[in-house]
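Visitor: Hi, I've got a structure open here and I'd like to talk it through. Can you take me around?

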Amino acid sequence: VWGWRQTTAFLLPIGLLAFAIPVWDYLSWPLQLITVEVNQFFLSRLDIEFFVEGVVVYFPGVGAFEIAHGCSGLRYLLVGLTLTTLYGELNYKTVRSRCYLIVAGTLLALVANWVRVFVIIYIGYESNMSSPLINQHDYFGWWVFTATLVPLFFIALKLENREVSTGRVRATVVD
C-alpha cells in the first residue's frame, strides 16, 4: 500500500521482535556445553581438584555446580544481539560495520557469561559454598555483562570513526 520505501522503516522494529521469539531456546543446550568446556579449561589452569559430568562441575569435599539453562548465556546473547543490531542500524551505513559490531557484541556477551560462571564457581569453591553470591548471582551476571558493554561501545565508536574517515556517513535531516 505504501510502497517499498515506507515499508523499510518498519523492518527494524519488526525485525527486532525476532529476538523475543522463543525459538532461541534451542541454543541454550549448545551454549551450556560451551560454557562447561570453557570453564573446565579455566579451572584446569588452577590447582583445583574437580571433575565434570555433563553440565555439572564437582568439587570433591566441597560441592557441585550445575551449569543450568539460565547459566547458558542465552539472555546475554539476545540482549547483546538486540543492542548491536539496533546500534548498527541507527549509526552505520555499511553492512560490513554492522556485521563487525554484531560479531563483537556476540563474542563479548558470551565472554561475559563465561567469566560470570567462572567467578561464581571459583568463589563457591574458595568459600566452601558459603558465599551469598552462590544463591544470588543473577544481579552479578548483569553487572559483568554491563562491564562488557564498555569495550563494545569503544569498538562501536572505532567503527563509526572508520566510516567517517572513509566518507560513508549516514546523513541526518535537521528541521
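Predicted model: local features only at pLDDT ≥ 70, side-chain atom pairs only at ≥ 80, totals over all residues.

Visitor: Fine. Which residues meet between helix 3 and helix 6?

Guide: From helix 3 you have Arg75, Tyr76, Val79, Gly80, Leu83, Thr84, Tyr87 and Asn91. They meet Asp138, Gly141, Trp142, Phe145, Leu149, Leu152, Phe153, Ala156, Glu160 and Glu163 in helix 6.

Visitor: And how do the axes of helix 3 and helix 6 cross?

Guide: The two axes come within 11 Å, with a crossing angle of roughly 25°. Angles under 35 degrees count as roughly parallel, so that is the label for helix 3 relative to helix 6. The crossing of helix 3 and helix 6 is right-handed.

Visitor: Which residues of helix 6 are buried?

Guide: Gly141, Val144, Phe145, Thr148, Leu149, Leu152, Ala156, Leu159 and Glu163. These buried residues pack against helix 3 (74-91) and helix 4 (95-126).

Visitor: What about Thr166, is that one buried, partly exposed or exposed?

Guide: Thr166, which is also in helix 6, counts as partly exposed because its relative accessibility is 47%.

Visitor: Which of its residues are buried, and what do they pack against?

Guide: The buried ones in helix 2 are Ser28, Leu31, Gln32, Thr35, Val36, Val38, Asn39 and Leu43. They pack against strand 1, strand 2, helix 3 and helix 4.

Visitor: Take helix 4, then. At what angle do helix 2 and helix 4 cross?

Guide: Roughly 55°, with the axes of helix 2 and helix 4 coming within 10 Å. That makes helix 2 oblique to helix 4. Helix 2 passes helix 4 in a right-handed crossing.

Visitor: Okay, cores. Which residues touch the most other members of the largest nonpolar core?

Guide: Leu43, Val57, Phe59, Phe65, Ile67 and Ile121, out of 16 residues in that core. Helix 2 (28-44), strand 2 (56-59), helix 4 and helix 5 (132-135) each give two or more residues to this core. The largest share, four residues, comes from helix 4. Apart from this core lies another of 13 residues, among them Tyr76, Tyr92, Leu101 and Ala156.

Visitor: What does Phe65 touch?

Guide: Leaving out residues up to four places away in sequence, Phe65 touches Val55, Val56, Val57, Phe59, Ile120, Ile121, Gly124, Tyr125, Met129 and Ile134.

Visitor: You mentioned Met129. Where does Met129 lie?

Guide: Met129 is in the loop between helix 4 and helix 5. At 26% relative accessibility, Met129 counts as partly exposed, and its phi is near 65°, a positive value in a residue other than glycine. Most residues other than glycine have a negative phi. Asn128, found in the loop between helix 4 and helix 5, has a positive phi too, near 55°.

Visitor: Last one: is Asp47 buried or exposed?

Guide: Asp47 counts as exposed because its relative accessibility is 83%. You'll find Asp47 in the loop between helix 2 and strand 1 (51-53). Its C-alpha is 56 Å from that of Thr8, and the two are 39 residues apart along the chain.

Definitions and conventions
Residues numbered from 1 in each chain as written. Heavy atoms only, no water. Buried < 20%, exposed > 50% of the residue type's maximum accessible area, 1.4 Å probe, protein only. Contact = heavy atoms within 4.5 Å. Core = buried A, V, L, I, M, F, W, Y, C linked by side-chain atoms within 4.5 Å. Axes fitted to C-alpha atoms, helices over the stretch in contact; angles between N-to-C directions. Parallel < 35°, antiparallel > 145°, perpendicular 65-115°, else oblique. Left-handed = near helix turned anticlockwise from the far one by under 90°.
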